[in-house]
Amino acid sequence: MSEYLSTKEIHDGLLDLLKFFDQFCQKHNLTYFLAGGTLLGAIRHKGFIPWDDDADIIMPREDYNKLISLSLELPAYLELKALEIDNKWEYAFAKINDTRTYIDDDYRVAQHGLFLDIFPIDSAPENKYTQKYLVKRMKMLDVFRGAQSKKKFKPEEKFIFIKKIISKYAKSKGANYFAVKMNQLANSTNKRYANSKFKGVCVSTIYGVREFLPTSTFSEVTYVEFEDTTLSIPKDYKTYLESLYGDYMQLPPLEKQKGDHYKIKRY
């Protein structure tokens, strides 16, 4: 029986995906940026955060939509999964999935193996209270979406009784139902605030309103060293990283230097 991929093997696989994605975007004139912990790794570690085991990409909504329209141009071993082309997809954002791998996780059901997360950058309200309201709405939808994919709850999780009740309702609707609602909310927000001076990722609620930044933050691209290659980041990466992480060059405590994602195997 195959073993779980080590962190190094995951990093090697993700690096191959990132290199391919960069070349694909250059070929089709698409703008993208490393984001989240992947961008933090690029600046602080010149590559992956040593204990991290995923990779995040953000793209302006227009480029994100173009990427989805080009899904059939991917090589056979890769597939682009998104709501716009898969009516059973369970996320409000896209993933590029390496079909030679799969998830074997004790707690969650997954529709993918080794992957890149790809999030659209949308226009956002300028008013902080409106931003907070948007995040609350999105987070509620995401709680129901995520509850559907649970196999079982981790012993250390809080509010398990309430989550079990939510899970029953979520499973009756299906994760796709809530993912579609999240995507619709992000798209309507993007259109409503098209002239706003703020942008950010609406469909992910991890960082809340810290994700919404001046539009200028995402207006220019620069390339930086990442492992043995160079990849695209926002030229104003400092504004982004300071908003999400504060003193982003400071390492977290040792007990937090660990990944908490899916267990991946190869076919």
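Because the model is predicted, local features need pLDDT of at least 70 and side-chain atom pairs count only at pLDDT 80 or more, while totals for chains, interfaces and linings use all residues. Residues are numbered from 1 along each chain as its sequence is written, and side-chain values use heavy atoms, with hydrogens and water left out. Helices (H or I, at least four residues) and strands (E, at least two) are DSSP runs, numbered from the N terminus.

- Helix α1 covers residues 7–27, 21 residues in total, and reaches 30 Å from its first C-alpha to its last. That span is close to the 30 Å expected at 1.5 Å a residue, where the expected value is 1.5 Å times one less than the number of residues.
- Buried residues of α1 include Ile10, Gly13, Leu14, Leu17, Leu18, Phe21, Phe24 and Cys25. Buried means under 20% relative accessible area, exposed over 50%, and partly exposed in between (1.4 Å probe, protein chains only).
- An α-helix has 3.6 residues a turn, so residues three or four places apart point the same way.
- Histidine 11 lies in α1 and is buried, with a relative accessible area of 13%.
- Asparagine 29 follows α1, in the loop between α1 and β1 (33–34). Asparagine 29 counts as exposed because its relative accessibility is 66%.
- The phi of asparagine 29 is positive, about 55 degrees, although the residue is not a glycine. Most residues other than glycine have a negative phi.
- Histidine 11 and asparagine 29 are 18 residues apart along the chain, and their C-alpha atoms are separated by 26 Å.

- Strand β4 (residues 94–98) is mostly covered, with five of its five residues buried.
- Both faces of β4 are covered: Ala94, Ile96 and Asp98 are buried on one side, and Lys95 and Asn97 on the other.
- β4 pairs with strand β3 (residues 78–81) in the antiparallel sense over four bridges. Two strands pair if DSSP finds at least two bridges between them.

- Strands β9 (residues 221–226) and β10 (residues 229–234) run antiparallel and are joined by six bridges.
- Valine 224 stands opposite leucine 231 in β10.
- The hairpin has two residues between its strands. Glutamate 227 is in this loop between β9 and β10.
- Glutamate 227 has a positive phi of about 55 degrees although it is not a glycine. With 36% relative accessibility, glutamate 227 counts as partly exposed.

- Glutamine 131 is in helix α4 (residues 128–148) and counts as buried, at 0% relative accessibility.
- The side chain of glutamine 131 reaches the backbone oxygen of proline 125 at 2.7 Å.
- The structure holds one cavity of 30 Å³ or more, and the largest cavity has a volume of about 40 Å³. On a 1 Å grid over the protein atoms alone, a cavity is a set of points where a 1.4 Å probe fits but cannot get out, and lining residues have an atom within 4 Å of a point. Grid points are joined across faces, edges and corners, and a volume is the space filled by probe spheres set on the points.
- Leu134, Val135, Met138, Val201, Cys202, Ser204, Thr205, Gly208 and Phe212 line the largest cavity.
- That lining divides into six nonpolar, three polar and no charged residues, with Gly counted among the polar and Cys among the nonpolar.

**Two loop serines**

- Serine 196 is found in the loop between α6 (175–192) and β7 (198–200). Serine 196 is buried, with a relative accessible area of 12%.
- Serine 216 lies in the loop between β8 (213–214) and β9 and counts as partly exposed, at 49% relative accessibility.
- Serine 216 and threonine 7 are 209 residues apart in sequence and 35 Å apart in space, C-alpha to C-alpha.

Notes. On a 1 Å grid over the protein atoms alone, a cavity is a set of points where a 1.4 Å probe fits but cannot get out, and a pocket is an open set with protein on both sides within 12 Å along at least five of seven lines; lining residues have an atom within 4 Å of a point. A polar contact is a pair of N or O atoms within 3.5 Å; within protein, one must be able to donate a hydrogen and the other to accept it, and residues adjacent in sequence count only if both atoms are side-chain atoms.
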